[in-house]
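Have the viewer ready and follow along.

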Amino acid sequence: MILIIQDNDVNQNYKALDKVILFKSICDLKTYKTGYYTILLINVEIDNEGIVIGHNFMFEELLTHLNVFAIITNRASNKLREICKYYNLALLELKY
């Protein structure tokens, strides 16, 4: 499964993809299917405390509730690198 977390200003359309979940709220975590997830962060920043800016939750909450395989982002973050190293997760930082 791919979990997409994006900035509210991103205008992407993800139709008919049953393996893709568009993140809306941390409260929806309990409704996600079991299995492994790749988290795709699009124009999302994580501050020095680990809070996902604009969504107001700790990024580590996802990691404690989901089986995460890898994280892909287009915004570099030292805190995200630190979290991925701690949880031994693959982190792909795209620069475009």
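A residue is called buried when its relative accessible area is under 20%, exposed when that area is over 50%, and partly exposed in between (1.4 Å probe, protein chains only). This is a predicted model, in which local features need pLDDT of at least 70, side-chain atom pairs count only at pLDDT 80 or more, and totals for chains, interfaces and linings use all residues. Residues are numbered from 1 along each chain as its sequence is written, and side-chain values use heavy atoms, with hydrogens and water left out.

Let us start with the rings. Rings of Phe, Tyr and Trp (its six-membered ring) pair if their centres lie within 6.5 Å; planes under 30 degrees apart count as stacked, over 60 as edge-to-face and the rest as tilted. The whole structure holds 3 aromatic pairs, including these:

| Pair | Centre distance | Plane angle | Class |
|---|---|---|---|
| Phenylalanine 23 and phenylalanine 57 | 5.1 Å | 40° | tilted |
| Tyrosine 32 and tyrosine 37 | 6.3 Å | 35° | tilted |

Phenylalanine 23 sits in the loop between strand E2 (20-22) and strand E3 (36-42), while phenylalanine 57 belongs to strand E5 (residues 57-58), so their pairing ties together parts 34 residues apart in sequence. Strands here are DSSP runs (E, at least two residues) and helices likewise (H or I, at least four), numbered from the N terminus. Phenylalanine 23 and phenylalanine 57 are both buried. Tyrosine 32 is buried too, at 13% relative accessible area, and tyrosine 37 is buried at 1%.

Now for the lysine. Lysine 79 lies in helix H2 (residues 78-87) and is buried, with a relative accessible area of 17%.
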